[in-house]
Amino acid sequence: MSDEIRQILKEHGRLSVDAITLGDDDDLYKAGMTSHASVNVMLALEGKFEIEFPDRMLKRSVFETIASIRDAVAELKPG
Amino acid sequence: MCRVTRASRKARPTLDLGGANEASTSGSRALRRLGSELGGNPKFFSGVLADSTVLRFQTFVPTQDAYPDGSLLLGADLVEVAQVARSIATFGDRYLRRVFTDRELAYSAAEGRDPAPHLAARFAAKEATSKALRAGDAPLDWRWIEVVRGADGACGLLLRHGMRALAKRRGVRAFQLSMSHDGAYALAVVVGDTLRTRRR
């Protein structure tokens, strides 16, 4: 799942570094992701994994690292 | 709140932001008392500018949510219009409906307008508001912050749910909003005002 998340970050995160090279715990905001870009990342994740982020998960910390995104997707994805 | 003082003829000019400074025992006591009452910790900073002006100011780091009397909370944000246009092209209604309210969408697309610059300015206003409120890691649905227009054309903010509750916790009772867009960029500046006391 982490590789799929990296691909979404590469396409939508507007990072200043190649998302493929990021570690699971690297700070995505420090890597250049803006709040607006995080919206695009969220929408792309929802489309890719067929999930919907509830209000309680629309938090900065949920989109802060690949690991935190992976945890959120795992919690929301059925099965 | 901001004034330049001279303690003596030989002293360097002092820019004193906020009243008490670190050399003022009575001021420090007063600030500690205020901090104790509000549950926060006063912090002092000082520095010397290039022209030898001594800069002294105090800030207040709340350990509870409310900011002290007379606080102005400032937020600003800049958004690239092309990024909003790209989001519309990529995600369409999913993007528009997750970020903007019906009123914001109606205004931005009215009278044959290109919606992207207007929506970019509105996103900047939402982000600027979250900065002004020190939203941190609070849950934020972007539609909880709405840019509204009065009959006179002036823009203001309407907060809902979590953002309304956060503004209340911060003690912010009024907002001022200014937005602009020109070419590639749109920006917004937001000031939250506690309105608790008349400022000196």
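Author: A residue is buried if 20 or more other C-beta atoms lie within 10 Å of its own, exposed if 12 or fewer, and partly exposed in between, with C-beta atoms placed from the backbone. By that count, 30% of the 200 residues of chain B are buried. This is a predicted model, in which local features need pLDDT of at least 70 and side-chain atom pairs count only at pLDDT 80 or more, while totals for chains, interfaces and linings use all residues. Residues are numbered from 1 along each chain as its sequence is written, and chains are lettered from A in the order in which they are written.

Reader: What makes Lys10(A) buried, exposed or partly exposed?
Author: Lys10(A) has 15 other C-beta atoms within 10 Å. Buried needs 20 or more and exposed 12 or fewer, so Lys10(A) is partly exposed. The residue lies in helix H1 of chain A; helices here are DSSP runs of H or I with at least four residues, strands are E runs of at least two, and both are numbered from the N terminus.

Reader: Which residues does Lys10(A) touch, leaving out those up to four places away in sequence?
Author: They are Asp18(A), Ala19(A) and Ile20(A). Touching, or contact, means that the C-beta atoms, placed from the backbone, lie within 7 Å.

Reader: Why are H1(A) and H3(A) called roughly perpendicular?
Author: Their axes come within 10 Å and cross at roughly 115°. Axes are lines fitted to C-alpha atoms, for helices over the stretch in contact, and angles run from 0 to 180 degrees between N-to-C directions. Under 35 degrees counts as roughly parallel, over 145 as roughly antiparallel, 65 to 115 as roughly perpendicular and the rest as oblique. The pair is therefore roughly perpendicular.

Reader: Which residues meet where H1(A) and H3(A) touch?
Author: Ser2(A), Ile5(A) and Arg6(A) from H1(A) meet Ile66(A), Ile69(A) and Arg70(A) from H3(A).

Note on methods
Contact = placed C-beta atoms within 7 Å.
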